[in-house]
Number of protein chains: 2
Amino acid sequence: MSSRIVFRMLGGRSMAEFTKVALDAMGGDNAPVEIVKGAVDAVNKRKDIRVALVGKEEIIKKELQQYTYDKEQIEIVNADEVIETAEPPVNAIRKKKNSSIVVAMGMVKRGEADAFVSAGSSGAVLVGGQVLIGRIKGVERPPLAPLLPTKKGFSLLIDCGANVDARPSHLVQFAKMGSIYMEHVMGIKNPKVAIVNIGAEEEKGNALVKETFPLLKECKDINFTGSIEARNIPYGDADVIVCEAFAGNIILKLFEGVGGVLMEKIKEGLMQDLRTKIGALLIKPALKKTMKGFDASEYGGAPLLGLNGLVVKTHGSSKAKEVCNSIIQCVTFKEQRINEKIKECIQKEEE
Amino acid sequence: MSSRIVFRMLGGRSMAEFTKVALDAMGGDNAPVEIVKGAVDAVNKRKDIRVALVGKEEIIKKELQQYTYDKEQIEIVNADEVIETAEPPVNAIRKKKNSSIVVAMGMVKRGEADAFVSAGSSGAVLVGGQVLIGRIKGVERPPLAPLLPTKKGFSLLIDCGANVDARPSHLVQFAKMGSIYMEHVMGIKNPKVAIVNIGAEEEKGNALVKETFPLLKECKDINFTGSIEARNIPYGDADVIVCEAFAGNIILKLFEGVGGVLMEKIKEGLMQDLRTKIGALLIKPALKKTMKGFDASEYGGAPLLGLNGLVVKTHGSSKAKEVCNSIIQCVTFKEQRINEKIKECIQKEEE
């Protein structure tokens with residue numbers, strides 16, 4: 001079914017007028033309940049969104065019954081199989097042809113959907129993106145780029161994917177793609193790009209960083225500001241944080257871990273006796289509001305950049321809010337023609 | 001001046017009865033005030049400690065005047081030069097022969113002191129340790145191993161030094177040395193050793209981790225428990241966290257950064273209005289107590305392991321408490337014959 005046929009079925013509006021998202025209804029810890037709710041929230045917020053809920057039709061239909069929404073905006077696409085988080089991704093993608101991930105990615109590949117959003121197996125989403133949807137010509141490696149909460153707002157951490165042991169040319173492309181995403185999707189003018197390093201000086205770093213640094217310095221398409229030490233990442237000193245995936249994974253997960261333990265420690269302190277319990281009641285609403293700015297789910301999922309279509313990976317523990325925000329994020333991505341901009345920028349360098 | 005002469009000067013007690021620490025009186029943001037205070041606190045707590053305050057004699061003498069302590073326990077060793085944090089370390093060590101760091105390390109080298117403690121330039125301490133004091137025979141690379149606060153207590157992060165791009169054999173030695181330190185200095189029986197990775201499965205990781213994993217699995221001297229994801233480090237899931245220095249530096253500094261920003265965010269929330277300010281007053285003492293367990297300075301500095309003598313690097317911002325704790329840490333290190341244990345363990349593998 002081509003996108004042209006889809007748009008006719010949806011009432012004759014042209015594709016340009018709406019963004020179509022294929023949503024993995026079976027992926028993540030809270031599927032299908034929170035995923036379906038997120039889809040409904042998104043279409044109820046925005047008339048320019050269409051969602052295809054991909055997964056077991058009967059289950060999705062039953063979930064959907066409780067909601068009120070414009071029937072034109074949500075369709076169900078049946079997919080009988082589910083890829084589990086623990087499955088080896090390459091095998092799963094190859095064998096489970098009728099899984100929600102493979103079926104939904106097929107829709108993006110054929111142009112029947114603009115984007116794919118999933119809270120399911122990270123491995124399968126990363127492998128599927130490359131194998132089923134494919135890279136933009138010239139892109140060497142598609143990076144996974146989550147937003148990190150910072151003191152000032154948020155920064156894009158690029159790459160946190162599954163492909164470790166990157167080369168300098170990969171990191172330069174990450175810097176360019178991340179810069180385009182932050183400027184045109186997140187609205188940060190002339191975003192500051194920095195490379196993760198163990199000191200501020202140019203001569204510091206491991207072999208990869210030392211080789212990459214001068215290449216980034218020469219790069220005219222980005223606003224490169226030099227090295228960033230891990231200590232300064234949470235302060236928001238750069239908008240685009242470039243690193244290879246092993247380091248990126250450490251940064252992303254340690255962020256969550258340290259935050260989690262600190263919050264537990266604080267709660268422990270607050271529940272100590274009557275005095276602290278009263279104090280806790282007084283500060284709770286204000287504290288909740290301040291901490292909200294430090295909640296990554298506010299910003300939606302992490303894009304897998306450089307593919308022929310958009311793939312967004314949300315947390316495995318995503319609730320409706322993150323799913324909804326991730327769907328809405330796809331609209332800006334399409335409207336701002338991010339992939340065309342990436343294509344131009346990457347292919348220019350090859351000439 | 002040999003240690004034999006020193007012990008005679010100190011009243012005829014044998015070296016085995018006390019631990020002598022050469023302390024860099026000029027290093028760190030709070031030198032010499034907090035360093036001198038830390039030395040006095042240490043000798044007033046423990047009769048089995050001798051401290052040589054190394055630095056500008058006149059300044060140290062003036063600082064010392066305000067304190068009461070056993071004059072036998074503290075001596076001043078003059079060193080006119082100071083190595084600044086920004087100086088290129090190799091050059092500084094070579095040229096500033098009369099700096100506090102070079103003079104104090106000379107004392108360890110010649111056996112006039114058991115240990116060297118400094119809050120000064122990390123680079124100079126790391127370079128000086130290798131060049132001036134030298135490695136234990138068979139140790140390929142001396143790792144810097146700070147303690148990280150965790151939910152359960154603390155873990156040793158090994159390596160956070162300046163030598164990046166490590167080889168698998170280095171990481172195996174780090175695991176062994178870290179294990180000995182945690183068991184015999186920190187008192188953790190049969191410490192759990194894990195390697196930092198991007199997933200729990202054995203087949204995950206970058207080239208270095210994949211090569212190191214089977215070597216650690218085979219290693220009979222340690223209690224290897226497999227991979228640890230960064231998210232689980234703050235929860236204290238392992239006692240010895242093995243990684244190469246680039247990753248270690250990211251972990252250490254991000255810990256500080258995320259903690260710092262979260263505490264700022266919380267304070268911001270608490271200072272919002274009258275209601276929250278009253279709440280803050282009620283919870284403050286309890287919160288302070290709970291957060292104390294998350295304060296790395298409680299545990300003293302980071303040892304640079306595998307040298308012919310002990311070198312301990314404390315934070316640049318160290319106050320008297322951390323200096324004092326670092327000095328006391330040296331006693332256990334000596335008493336437990338850590339270097340002999342490292343020597344045995346490393347040299348056994350070579351046979």
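**View 1. The two domains of chain A.** The centres of domain 1 and domain 2 of chain A, taken over C-alpha atoms, lie 27 Å apart. This is a predicted model: local features need pLDDT of at least 70, side-chain atom pairs count only at pLDDT 80 or more, and totals for chains, interfaces and linings use all residues. Residues are numbered from 1 along each chain as its sequence is written, chains are lettered from A and ligands numbered from 1 in the order in which they are written, and side-chain values use heavy atoms, leaving out hydrogens and water. Domain 1 of chain A covers 3–139 + 306–336, and domain 2 covers 147–292. The bounds come from an automatic or database domain assignment.

**View 2. Where domain 1 meets domain 2 in chain A.** Here 10 residues of domain 1 are in contact with 9 residues of domain 2 (contact: heavy atoms within 4.5 Å). About 750 Å² is buried between these domains, and carbon and sulfur atoms give 57% of that area. Buried area is the accessible area (1.4 Å probe) that two parts lose on being put together, summed over both. On the domain 1 side, A:Leu126, A:Gln329 and A:Gln336 lose the most area, together 39% of what that side buries. The count of salt bridges between the domains is 0 (a side-chain nitrogen of Lys or Arg within 4 Å of a carboxyl oxygen of Asp or Glu).

**View 3. The interface of chain B and chain A.** Each chain brings residues to this contact: 54 from chain B and 54 from chain A. Together the chains bury about 5200 Å², 72% of it on carbon and sulfur atoms. In chain B, the residues that lose the most area to chain A are B:Ile198, B:Phe246 and B:Leu254, together 13% of what that side buries.

**View 4. Salt bridges and elements at the interface.** The rule finds 6 salt bridges across the interface of chain B and chain A. A:Lys253 forms a salt bridge with B:Glu229, and their closest N and O atoms are 2.3 Å apart. Among the elements of chain B that each supply at least two residues to the side touching chain A are β7 (192–197) and α9 (245–270). α9(B) gives the most, with 21 residues. Helices (H or I, at least four residues) and strands (E, at least two) are DSSP runs, numbered from the N terminus.

**View 5. A parallel strand pair in chain B.** Strands β2 (residues 49–55) and β3 (residues 74–78) of chain B pair in the parallel sense over 5 bridges. Strands pair if DSSP finds at least two bridges between them. B:Gly55 has B:Asn78 of β3(B) as its bridge partner.
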